[in-house]
Amino acid sequence: MTEQELWKLLDNMSLEEKAGQLVQCNAGQFIENHLEITGPNGESLPAEELNRVMGSVLTFEDAKQAKALQDKHLAADPNKIPLLLMLDVIHGLRTTYPIPLAMGCSFDDGLMAECADMARKESAACGVHVTFNPMVDTARDARWGRILETNSEEPLINSRMGAALVRATQGDSLADPGNVACCVKHYAAYGAGEAGRDYNTVDVSERMLRETYLPAYKACLRAGARLIMPSFNALNGVPSVANKHLMNDILRKEWGFNGVVISDYDAVGELVTHGIAEDLKDAARLAMEAGCDIDMVKNAYYLHLAELVREGKVAEEKLNAAVMRVLRLKNELGLFENPYHGADEEAEEKLYLCPEHREIARRAAEETAVLLKNEGILPFRKEVKRVALIGPFAEETRLNGFWSRPGAERYTVTIPEGIRALLPEVELVTEKGCGVEIGDTDLSGIDRAAEIAAGADAVILALGEPENYSGEGRSRAELTLPGPQLELARSVLQANANTAVILFNGRPLVLNGLARTAPAILEMWYPGTEAGNAVARLLWGEANPCGKLSAGLPRSVGQYPMPYNRMNTGRPKPEPDDQPAPFSSCYLDMPNLPLYSFGYGLSYTSFAYEKLELSRRTLEKGGMLQVTVTVRNTGSVPGKETVQLYFRDPVASVVRPVQQLLDYRKVFLNPGEAAEVVFTVREEQFRFYGMNGEEISEPGEIRISTGYADHLILTERFLLLPESVNDH
Ligand code: GLC
């Protein structure tokens, strides 16, 4: 359709039909026979009427349903406007790859793109037009259950990986039925909820908003994401979906975004609960005024938009502009010509869990694992005969994490399956040992588990937190291993010193006791479909762990917030961190630093950082310089290392972090091999949000280091020049 034809279509629509284009319903209500639909206040909504006017649906299962939904709607819609079909495909559709927080630990944008491309193929075959992904909410508090859904506490990683996912998912043209549109979320600062509680109030400075929370959404929109979803939370007093500063000043005017804004689930209606709307009609007015195009599920727009326009409380031009953004998206997806888009049952059959997709998922599970500790225990010897696999996750299938698609656990390769596939001869004994729920106190299985451990050549202790303890609405005030897992670990570690702990969890956990007593700890997060194969290959050295923490692991929940890029304060704590230092910014009962810092992770080999060189010692406005880091594999096995660059601006017109990630690159090195990793660094990367609300960099020294957070090495300096002076 041409733009003109779209406007013609709009002109033929009634106010009710226009409002209908901005209504999104749950698909489930239409897949079976029309179930009675109840509205926000319990009134029954006419399913047939909604099916006729609605513009989009969310959450369906497969191509067959996708086609049925489209057929049912088009048969009833006099304007023959196809539905948009949307789904949460967050880390895989049928082939599940690791949770986004794990993906961040790969520090590999290319791996993110590979996984996203795999998910795109399966999503398109399923009939998905729009995925509610990427979620790029910077998260710095592991009490928040949705930290699992984002890549990192560092906005640079969220920006680069989010943009990589958008490019891989949308491809070159959305008219290609194999491509899927992205909806970036949750705009904005959803990860900054007070007390780590989901949906909670967010109150941050404009500087914090712009430097920590906004960059990743902006990067994803710059990468072409066609939709954005405002967050549930109130931001500085106004819920995002009605927040004109966010939705109009920044999104539309400053960033020039002309795509679709879709509310989160019921968020328009929640304006009443937040206390800024009198009733649902008022909520509809506020959301439309702020620029929210689609009302997800609450039907506020369905029930009240036409009336608000007739009463002159919402300008019809505003309604028309919103409808046109939705129609343009449908048109760009080619839905008027091909309403099924990529829905294809045969393609589903061929693609789902195919060997190529399983290989990608397995490689991702291997590259996102973080080796936290290893006192010579790992990798296990291949000759090992008798292995004890102990713990509540020993035979668990739910290793996919929140937002994996329903039933994903049916396809998980368990740890025993992975070990037997790799070592068919091994004698494997499994024992759960204890429960894993908060409140589990039964210790009766621990003695048996210890006995089994004592009789084994090697022990794997599979611990963690249940899959449903993280994700939406799943915040925790404590971050310890739930149930009597530490008691189990104590007994098993006493029974056999050749014990490796593997962890399955969706958030950074507090591991203090375990970190002291376990000789080896491998953080697996929720690794997805290929969990068991990845665990076996990592434990026996077929794969060499190379993950680095994309969020620090705290010693205690009391340390939060503990961003790695902290400010120095006027009384920074002097070394050593493990001793209190009165009258400095410290705790009397605990060190300041995390147990394991951002950017930390071990390998089965070792790496030496030999040199860091700068191509120049000055940098003018708009200029660039090269930083070359020489790193060598000084161990006996091949391995991958993520070379990280950090910078510090020690003196500026506002306080600046003591360390800030500037760039990262992963390199593969054989034993003895060295690489010169060259980074191009631009003056723009040193700009910050100045006192007067503008992005500036200032003349003065910049320090460049490598290593990882709180462990910076090889620091070199250069001068940022004043604007007028050129370097030549
Ligand atoms: C949920 C989530 C959002 C998701 C949407 C649709 O409440 O907040 O991330 O995309 O509803 O399922």
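How far does a polar side-chain atom of Lys185 lie from an oxygen atom of the ligand? The distance is 2.9 Å. This is a predicted model, in which local features need pLDDT of at least 70 and side-chain atom pairs count only at pLDDT 80 or more, while totals for chains, interfaces and linings use all residues. Residues are numbered from 1 along each chain as its sequence is written, and side-chain values use heavy atoms, with hydrogens and water left out.

**View 1. Thirteen residues, written 13 in the count, surround the ligand.** The closest are Asp88, Arg146, Lys185, His186 and Asp264. A residue counts as near if one of its heavy atoms lies within 4 Å of the molecule or strand in question. By class, the shell holds seven nonpolar, one polar and five charged residues. Nonpolar here means Ala, Val, Leu, Ile, Met, Phe, Trp, Tyr, Cys and Pro; charged means Asp, Glu, Lys and Arg; the others, Gly among them, are polar.

View 2. The protein covers 93% of the 310 Å² of accessible area that the ligand has on its own. A polar contact is a pair of N or O atoms within 3.5 Å; within protein, one must be able to donate a hydrogen and the other to accept it, and residues adjacent in sequence count only if both atoms are side-chain atoms. Accessible areas come from the Shrake-Rupley method with a 1.4 Å probe; for residues, only the protein chains shown count as cover.

**View 3. The second largest pocket has a volume of about 310 Å³.** It is lined by 18 residues. Nearest its centre lie Glu542, Ala543, Asn544, Pro638 and Gly639. Both α17 (355-368) and β22 (639-648) supply at least two lining residues. The largest share, four residues, comes from α17. The lining of this pocket has seven nonpolar, four polar and seven charged residues. On a 1 Å grid over the protein atoms alone, a pocket is an open set of points with protein on both sides within 12 Å along at least five of seven lines; a cavity is a set where a 1.4 Å probe fits but cannot get out; lining residues have an atom within 4 Å of a point. Grid points are joined across faces, edges and corners, and a volume is the space filled by probe spheres set on the points. Helices (H or I, at least four residues) and strands (E, at least two) are DSSP runs, numbered from the N terminus.

**View 4. The largest cavity has a volume of about 80 Å³.** Of its 14 lining residues, Val89, Ala116, Ala119, Arg120 and Thr169 are the closest to its centre. Helices α7 (109-126) and α8 (155-170) each supply at least two lining residues. The largest share, four residues, comes from α7. The lining of the largest cavity divides into seven nonpolar, six polar and one charged.

**View 5. Cis peptide bonds join Asn133 to Pro134 and Leu378 to Pro379.** Omega is about 10° for the bond between Asn133 and Pro134. Pro134 lies in the loop between β6 (130-131) and α8. For Leu378 and Pro379, omega is about -5°. Pro379 sits in the loop between β13 (370-374) and β14 (386-390).
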